[in-house]
Amino acid sequence: MDQRLPLLRKSRKWVWLVLFGLLILSFILSLTLGSVAIPLKEVIRIVGGAKVTFNNWGVIVLDYRLPKAIVAALAGAALSVAGLQMQTLFKNPLADPFILGISSGANLGAAIVILAVNGSGVHFLSKLGNLGNFSLTIAASAGAFLVFLIILLIARRVHLTTLLITGVLVGYIVNALVRILIQAAMPEAVQAYLSWTFGSFSGIAWPEMKFFAPTLILTLFVSVFTIRPLNALLLGESYARSLGVDPKTVRWLLIINASVMTGVVTAYCGLIGFIGMAVPHLCRSLFATSDHNTILPACVITGAIIAIFADLVAQVIGGGFMLPLNSVTSILGGPIILMVLLKKRNLSRAFDQ
């Protein structure tokens, strides 16, 4: 027996404790910090249902910060797990949740609504208020679903490598269409569209949460059943078949599960980059393993932490305005990927532990 195993297990317990502590800390900070600092004691009273001296504190915490923190946690967890599934499926350390082009479909749907009719779409949405936001979400969801159907049809006929290339090409084609819409749109419509692409966890109120949260919770639950197949795929399709795992069925399950998570997050939150690519690598490095029994739950927690902290950075450092969330996640995620990959001799060994 390897004498390092007891020490490794002990160190992993500490990593788990630190992660849970950071998750709790990040959630608390998300409720207390912002343009208005609210004491933790008052936050606890508000969440507990007690009346507070300043009524606007209750509105800020319950109607704005609490749903935003929940959205950030679920979105970060979903993107991280989807990224992990895609990296293992394609055996590509640079794969992310957007690799199949699902987010590009959501991008096109949002662009059509915002940039429609030479920019009049933005005026229409502003007049509709919350209904306009809902219409934007529906359009983005429809675009993601359309690309999802195309990918499913192609996946039935081609090899994984061809599917990967197809996803990239679909993304290029869709982005080209978006650029054409941008060229024909009015400046204010372009600005509105760019604001959507920056990403945000604050656009979902409690009514929208009724679909957003259950869908992501369900897909995260389904992801638990992919742990054994994912571990089998690490050693190749032949080995997976010897364990009774059907690679074709697993491929379908992973593509559907990851696509739903990616499509829902993108439709509701905009484009949130780098979390899905960086977090799986960070978790493999923290736990020194590629075992999905450890890495998948670690991705759920770590993804939630990074998403909440990224939102805090975007809000607190931005001061009077919000920094683009997508830029913040890129700044946080880029160095993580670079650090992990530089420790490897080459990209082909990115999954070796």
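Colleague: How many of the eight residues of helix α9 are buried?
Modeller: This is a predicted model, in which local features need pLDDT of at least 70 and side-chain atom pairs count only at pLDDT 80 or more, while totals for chains, interfaces and linings use all residues. Residues are numbered from 1 along each chain as its sequence is written, and side-chain values use heavy atoms, with hydrogens and water left out. A residue is called buried when its relative accessible area is under 20%, exposed when that area is over 50%, and partly exposed in between, with a 1.4 Å probe and protein chains only. The buried residues of α9 are Ile-227, Pro-229, Leu-230, Asn-231, Ala-232 and Leu-233, and the helix, residues 227-234, is mostly covered, with a buried count among its eight residues of six.

Colleague: How many helices does the chain have?
Modeller: Helices are DSSP runs of H or I with at least four residues, strands are runs of E with at least two, and both are numbered from the N terminus. The chain has zero strands, and buried residues make up 51% of its 353 residues. The number of helices in the chain is 14.

Colleague: What share of the contacts in the chain with a separation of 6 or more comes from residues 24 or more positions apart?
Modeller: Contact here means heavy atoms within 4.5 Å. Taking the contacts with a separation of 6 or more, the share that comes from residues 24 or more positions apart is 77%.

Colleague: Which residue, with a positive phi near 105°, follows α9?
Modeller: Most residues other than glycine have a negative phi. The residue that follows α9 with a phi near 105° is a glycine, and its name is Gly-236.

Colleague: How far apart in space are Lys-91 and Gly-236, C-alpha to C-alpha?
Modeller: Lys-91 lies in the loop between α3 (55-90) and α4 (102-128), and this residue has a positive phi of about 50° although it is not a glycine. Its relative accessible area is 46%, so Lys-91 is partly exposed. Lys-91 and Gly-236 are 145 residues apart in sequence, yet their C-alpha distance in space is 9.7 Å.

Colleague: What is the span of helix α8 from its first C-alpha to its last?
Modeller: The expected span of a helix is 1.5 Å times one less than its number of residues. Helix α8, residues 206-224, has 19 residues and is close to the 27 Å expected at 1.5 Å a residue, since its own reach from first C-alpha to last is 27 Å.

Colleague: How are α8 and α11 oriented to each other?
Modeller: Axes are lines fitted to C-alpha atoms, for helices over the stretch in contact, and angles run from 0 to 180 degrees between N-to-C directions. Angles under 35 degrees count as roughly parallel, over 145 as roughly antiparallel, 65 to 115 as roughly perpendicular and the rest as oblique. The axes of α8 and α11 are 10 Å apart and their angle is about 155°. The two helices, α8 and α11, are therefore roughly antiparallel.

Colleague: What is the handedness of the crossing of α12 and α13?
Modeller: Helix α12 (residues 275-287) and helix α13 (residues 292-316) pack at an angle of about 125°, with axes 9 Å apart, and they are therefore oblique to each other. A crossing is left-handed if the near helix is turned anticlockwise from the far one by less than a right angle, and right-handed if clockwise. The crossing in which α12 passes α13 is right-handed.

Colleague: What is the C-alpha separation of Pro-280 and Ile-295?
Modeller: Pro-280 is found in helix α12, and at 0% relative accessibility this residue counts as buried. Leaving out residues up to four places away in sequence, Pro-280 touches Ser-80, Gly-83, Leu-84, Gln-87, Ile-275 and Cys-299. Pro-280 and Ile-295 are 15 residues apart along the chain, and their C-alpha atoms are separated by 7.2 Å.

Colleague: What is the relative accessible area of Thr-294?
Modeller: Thr-294 has its place in helix α13, and, not counting residues up to four places away in sequence, this residue touches Trp-16, Phe-287 and Thr-289. Thr-294 is buried, because its relative accessible area is 14%.
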